[in-house]
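Hi,

Here is the structure I promised to send over. Have a look at it first, and then read on for what turned up.

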Amino acid sequence: MIDETSLKKGQLRKLNALRKSLGPTIADEAFSKWLAQASEEPEGDENARVIADALWDLVQDGKLMIRRGGYIVRRGRGRVIVEARPD
């Protein structure tokens, strides 16, 4: 039995849709498996980790100041473009 009071709105909608299409017994089993799989934390983006590791030494040395709003990093033609995030 699934405790529906602890579910978020989207999760509850998914459960109800599964119950309508598959029936309550199969839907509860499928939803439980999906919920267990969805609750696992993603490992994160490997590229973001590499960028953070590369910049952290500069931040610690005081050579790089990251402002409060952050930056957008994107690729250009043969270069990397870093822009201040628009507020």
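Reading from the N terminus, the elements of the protein chain follow the order α-α-α-β-β. The radius of gyration is 22 Å, well over the 12 Å that the globule rule gives for 87 residues, so the chain is more spread out than a compact globule. Please keep in mind that this is a predicted model. Its C-alpha trace spans about 60 × 30 × 25 Å along the principal axes.

Burial and contacts come next. Of the 87 residues, 11% are buried. Among contacts between residues at least 6 apart in sequence, 12% join residues at least 24 apart.

Which residues form the largest nonpolar core? There are six: I2, L7, L15, L18, A27 and F31. Helix 1 (9-22) and helix 2 (24-38) each contribute at least two residues to this core. Leaving aside residues up to four places away in sequence, I2 touches L7, L15 and F31, and also D28 and S32.

The largest pocket has a volume of about 220 Å³. Its lining consists of I51, L55, L64, I66, G70, Y71, V73, V80 and V82. Helix 3 (46-61), strand 1 (71-75) and strand 2 (80-84) are the elements that give two or more residues to that lining. By class, the lining has eight nonpolar residues, one polar residue and no charged ones.

Best wishes

Key
Residues are numbered from 1 along each chain as its sequence is written. This is a predicted model: local features need pLDDT of at least 70, side-chain atom pairs count only at pLDDT 80 or more; totals for chains, interfaces and linings use all residues. Side-chain values use heavy atoms; hydrogens and water are left out. On a 1 Å grid over the protein atoms alone, a cavity is a set of points where a 1.4 Å probe fits but cannot get out, and a pocket is an open set with protein on both sides within 12 Å along at least five of seven lines; lining residues have an atom within 4 Å of a point. Grid points are joined across faces, edges and corners, and a volume is the space filled by probe spheres set on the points. Helices (H or I, at least four residues) and strands (E, at least two) are DSSP runs, numbered from the N terminus. Ala, Val, Leu, Ile, Met, Phe, Trp, Tyr, Cys and Pro count as nonpolar, Asp, Glu, Lys and Arg as charged, and the others, Gly among them, as polar. A nonpolar core is a set of buried Ala, Val, Leu, Ile, Met, Phe, Trp, Tyr and Cys residues joined through side-chain atoms within 4.5 Å. Buried means under 20% relative accessible area, exposed over 50%, partly exposed in between (1.4 Å probe, protein chains only). Contact means heavy atoms within 4.5 Å. The radius of gyration is taken over C-alpha atoms; the globule rule is 2.2 Å times the number of residues to the power 0.38.
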